[in-house]
Amino acid sequence: MTAVDRPTVSFELFPPRNPDAAPKLWATIEALATARPDFVSVTYGASGATRYTTRALVRRLLRETSLNPIAHLTCVGVSRAEITQVVEEFLDEGVRSFLALRGDPPVGQPDWHPHPDGLHTASDLVSLLRKIESRRAAGSPSQKVRGAVRPLSVAVAAFPRGNAGAGSTRDQDIQALLDKQASGADFAITQVFFDAECYLDMVAAAREAGVTIPIIPGIIPTTDPARLLRVQELTGVEVPRDLLATLAAEDDPVARHRVGIRASVELVTRVLDGGAPGVHIYTFNTHQAALDLLEGAHLGGGAPTAPDVADAPRVQAPPSTSIPSRG
Ligand code: FAD
């Protein structure tokens with residue numbers, strides 16, 4: 001396999017909730033960097049809740065590593081002027097890649113209303129990002145040159161099963177994805193899913209509808225049943241009962257980790273064989289499971305450079321699996 005054919009590898013991180021967590025996150029980032037990811041994305045709280053911590057982490061990634069950070073941005077609940085200012089701040093920091101999202105309105109707040117002068121959809125945010133970039137380029141030849149050598153890239157979200165949280169079906173979200181593409185999105189990253197057919201069917205339907213941008217599958221390493229249930233609660237994406245039962249049947253954490261990685265490796269292998277352009281791994285700010293998954297899928301797990309206390313010991317992909325080599 002040539003470097004050109006190599007599927008993309010990327011990771012999602014979130015900004016540390018408190019400064020004490022920063023050293024551990026940084027050790028995780030160093031370990032993840034050994035996999036030479038194409039990019040790492042950094043989440044952003046809905047209504048701008050992590051505006052400063054997201055920016056601080058993205059800035060540090062830009063200044064102190066060779067990693068290519070993508071800043072998530074949400075627009076729900078804020079005015080067009082506020083989100084414009086946030087975008088300008090990120091651009092001033094040298095950020096050139098964004099994941100444009102609507103974000104979810106707060107739950108349990110009956111008095112909450114969208115901002116009267118806000119953006120309504122992720123597609124609106126993609127348009128705004130493109131508009132701001134064009135304005136900056138038009139206003140300064142230097143900025144135009146910078147934009148030419150480091151073009152703005154805009155990713156968006158896609159939903160293999162529809163978005164339960166937003167109450168939309170798969171086909172409504174494919175229409176939304178078409179809008180995002182028309183507004184200038186370069187590629188999409190999917191919501192978590194556990195069934196390869198679910199991703200492959202959605203991509204086929206999206207292609208049928210006219211979506212041409214790459215759609216990267218978002219993958220969670222399935223090693224931690226409690227985390228999977230939490231993800232189910234947050235996203236509405238149901239975790240297969242048999243997977244949870246298989247994990248629960250293993251008392252030994254190392255054996256459970258191995259079983260979970262095997263399931264994730266099978267999922268990744270199937271979506272890559274089905275034409276997925278790469279994998280985006282939801283790391284939950286830990287590295288071990290992500291690297292073991294990559295190693296099992298022959299995508300280059302690298303060697304961890306720092307211990308990750310939250311994860312079980314590193315395991316090899318079991319020799320019994322019939323995973324085709326991607327090496
Ligand atoms: P949109 O595409 O705007 O969709 C929102 C709703 O509006 C959907 O129901 C859609 O069908 C509908 N819609 C869109 N366009 C139209 C239209 N033209 N007409 C009618 N209806 C329309 N959330 C965070 O808060 N922070 C994050 O960092 C974050 N990162 C994420 C990363 C990924 C890869 C994914 C998949 C999700 C992430 N989310 C994050 C969650 C996301 O913000 C929510 O799932 C949100 O509900 C939908 O976001 P969206 O960008 O797809 O919005």
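The structure holds 4 aromatic pairs, and one of them, formed by Phe39 and Phe187, is tilted, with 5.7 Å from centre to centre and 50° between the planes. This pair links distant parts of the chain, since Phe39 lies in strand 2 (residues 39–42) and Phe187 in strand 6, 148 residues apart. The model is predicted, and its strands 1-2-3-4-5-6-7-8 form a closed barrel of 8 strands with parallel pairing.

**The barrel**

- Along the closed barrel, which runs 1-2-3-4-5-6-7-8, the twist averages 30° from one strand to the next.
- Strand 5 (residues 153–158) and strand 6 (residues 187–192) run parallel and are joined by 4 bridges.
- Ala155 stands opposite Phe187 in strand 6, and Phe187 is also the residue that forms the tilted aromatic pair with Phe39.

**Helices on the strands**

- Helix 4 (residues 122–139) packs on the sheet, where it touches strand 3 (69–74), strand 4 (97–101) and strand 5, and its direction makes about 150° with that of strand 4.
- Helix 11 (residues 288–296) lies across strand 1 (8–13), strand 7 (215–219) and strand 8 (278–282), and it runs at about 160° to strand 8.

**Helix 4 with helix 5**

- The axes of helix 4 and helix 5 (residues 141–149) come within 5 Å and cross at roughly 130°, and the two helices are therefore oblique to each other.
- On the side of helix 4 the contact is made by Glu133, Arg136, Ala137 and Gly139, while helix 5 contributes Pro141, Gln143, Lys144 and Gly147.
- The residues of this contact between helix 4 and helix 5 divide into 2 nonpolar, 3 polar and 3 charged.

**Helix 7 with helix 10**

- Helix 7 (residues 196–209) and helix 10 (residues 253–273) pack at an angle of about 25°, with their axes 9 Å apart; because angles under 35 degrees count as roughly parallel, helix 7 is described as roughly parallel to helix 10.
- The crossing in which helix 7 passes helix 10 is right-handed.
- Helix 7 makes the contact through Ala196, Glu197, Tyr199 and Leu200, and helix 10 through Leu267, Arg270 and Val271.
- In the contact of helix 7 with helix 10, the residues divide into 5 nonpolar, no polar and 2 charged.

Terms used: Residues are numbered from 1 along each chain as its sequence is written. This is a predicted model: local features need pLDDT of at least 70, side-chain atom pairs count only at pLDDT 80 or more; totals for chains, interfaces and linings use all residues. Side-chain values use heavy atoms; hydrogens and water are left out. Axes are lines fitted to C-alpha atoms, for helices over the stretch in contact, and angles run from 0 to 180 degrees between N-to-C directions. Angles under 35 degrees count as roughly parallel, over 145 as roughly antiparallel, 65 to 115 as roughly perpendicular and the rest as oblique. A crossing is left-handed if the near helix is turned anticlockwise from the far one by less than a right angle, and right-handed if clockwise. Contact means heavy atoms within 4.5 Å. Ala, Val, Leu, Ile, Met, Phe, Trp, Tyr, Cys and Pro count as nonpolar, Asp, Glu, Lys and Arg as charged, and the others, Gly among them, as polar. Two strands pair if DSSP finds at least two bridges between them. Rings of Phe, Tyr and Trp (its six-membered ring) pair if their centres lie within 6.5 Å; planes under 30 degrees apart count as stacked, over 60 as edge-to-face and the rest as tilted.
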